[in-house]
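Have the structure open as you read.

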Amino acid sequence: MANEVVFGHQRLRRAHYAIAAVFCVHGAVTGSFATRIPWIQDHASVGAGQLGLALAFPALGASVAMPLAGAVSHRFGARNALRGLIVLWTLSLALPSLAPNLLTLCAALFVFGAAAGMSDVAMNALGVETENRLDRSIMSGLHGMWSVGALIGSAGGTLAAHLGSDARLHHALAALTLTLLGLAACQGVLDLRSAPDEAPPPRFALPHRSALVIGAIGFCAVFAEGASLDWSAVYLRDEMDSSAGLAAASTTAFALTMAVARLAGDRIVDRYGPVRTVRVGGVLATAGGLLVVFASHPAVAMTGFAFIGLGVAVVVPLAFAAAGRSGPNPSQAIAGVATITYTSGLIAPSAIGAVADATSLVVSFGLVTALAFGLVVGAEVLRSAGRDSVKSGVADAVVERLP
């Protein structure tokens, strides 16, 4: 029995590394795409307004498709479902650069977002299950690996753009490479299958109340993240009269802060728990927002953006983990939370712009500060449920359910 338990823990470690690699591949697709948006815009001959419209379609596609992920996993098993969905995601990277006009670009980005959303739900559901069996926090680190992948993908895209390469060729080669890496990574993830008598989840269902409450916390965090990523450079340029280089450096520093905080977040969560971690993070993000709003020097504003990044970095991973433990169907609960967070990411940039047009960017980040304070108020909803029961039965579950 002891040997079986040791073998089971070895398989769990392998599953942890494998799902981390999947997260990295998923992020690399996003990074590869984002860096070639200017080329795609020129190729499709669309203006700034039309491009903004087209870039709403990935979130729309994700929101529509994410509820399907649970049904796919139920029918084919978690590993096979993730394998198919990650391939769909990596191959869809090649679609946007092929679009010759606005209509085809919107259609390509809708498919791109649908593939992103379904694979996102599937890998987060497996990440939560792996975390439960290991009985320690890993979700922050997994999302940190996503950020690492996005940085790697963006670095490759930056090099390709610098060399003047055709994005169709760049994305075709990247899609092929990432597909092979994704398939290899999926070999080691948990192979979970539904019981023969288990009813399949509904193809489409409204998020459960618990998912809505948890999603509200994710909404606040993603709104602050999206606003800072998209508007920090503009804020420094327009409000702080900074140079273009310093303004761009603010965005890069914010992204790096998020990645580092997520990679280090699991140790903090294990030591202090999700509620205290998010509450302190909310305090940091609120303080950061206040620094941005009242900044009189670019360095103060950049420090504020860094605090916002540190404060919100681990919230979404913890929201997914809490959703996965909130009911009998983790994929469905995670899909509900993911839909809310994707919606937040969709509306944040435009909401900040609308408020800025009506008032100023300073007022816009006053709104961000208020939402950041919502993390302090609502952190309690992320309290882990069922972790003790998972801990007591983890060895048996490893032996019983691992292939």
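## A cavity and its lining

The second largest cavity is lined by Phe33, Ile37, Ile40, Leu51, Leu55, Pro96, Leu105 and Leu109. Helix 2 and helix 7 (102–134) are the elements that each put two or more residues into that lining. Keep in mind that this is a predicted model.

How much space lies in the second largest cavity? It comes to about 40 Å³. Counting cavities of 30 Å³ or more, the structure has two.

## Arg36, a buried charge

Now for Arg36, which sits in the loop between helix 1 (2–34) and helix 2 (37–44). Arg36 is buried, yet it makes no salt bridge. Which side chain of opposite charge is nearest to Arg36? That's Asp166, at 6.7 Å, while a salt bridge needs the atoms within 4 Å.

What the Arg36 side chain does reach is a backbone oxygen, that of Ser165, at 2.8 Å. Setting aside neighbours within four places in sequence, the contacts of Arg36 are Gly157, Ala160, Ala161, Ser165, Asp166, Ala167, His170 and His171.

## The whole chain

Zooming out, the protein chain has 17 helices and zero strands. Of its 403 residues, 52% are buried.

Take the contacts between residues at least 6 apart in sequence: 85% of them join residues at least 24 apart.

Notes
Residues are numbered from 1 along each chain as its sequence is written. This is a predicted model: local features need pLDDT of at least 70, side-chain atom pairs count only at pLDDT 80 or more; totals for chains, interfaces and linings use all residues. Side-chain values use heavy atoms; hydrogens and water are left out. Helices (H or I, at least four residues) and strands (E, at least two) are DSSP runs, numbered from the N terminus. Buried means under 20% relative accessible area, exposed over 50%, partly exposed in between (1.4 Å probe, protein chains only). Lys and Arg count as positive and Asp and Glu as negative; His and the chain ends are not counted. A polar contact is a pair of N or O atoms within 3.5 Å; within protein, one must be able to donate a hydrogen and the other to accept it, and residues adjacent in sequence count only if both atoms are side-chain atoms. Contact means heavy atoms within 4.5 Å. On a 1 Å grid over the protein atoms alone, a cavity is a set of points where a 1.4 Å probe fits but cannot get out, and a pocket is an open set with protein on both sides within 12 Å along at least five of seven lines; lining residues have an atom within 4 Å of a point. Grid points are joined across faces, edges and corners, and a volume is the space filled by probe spheres set on the points.
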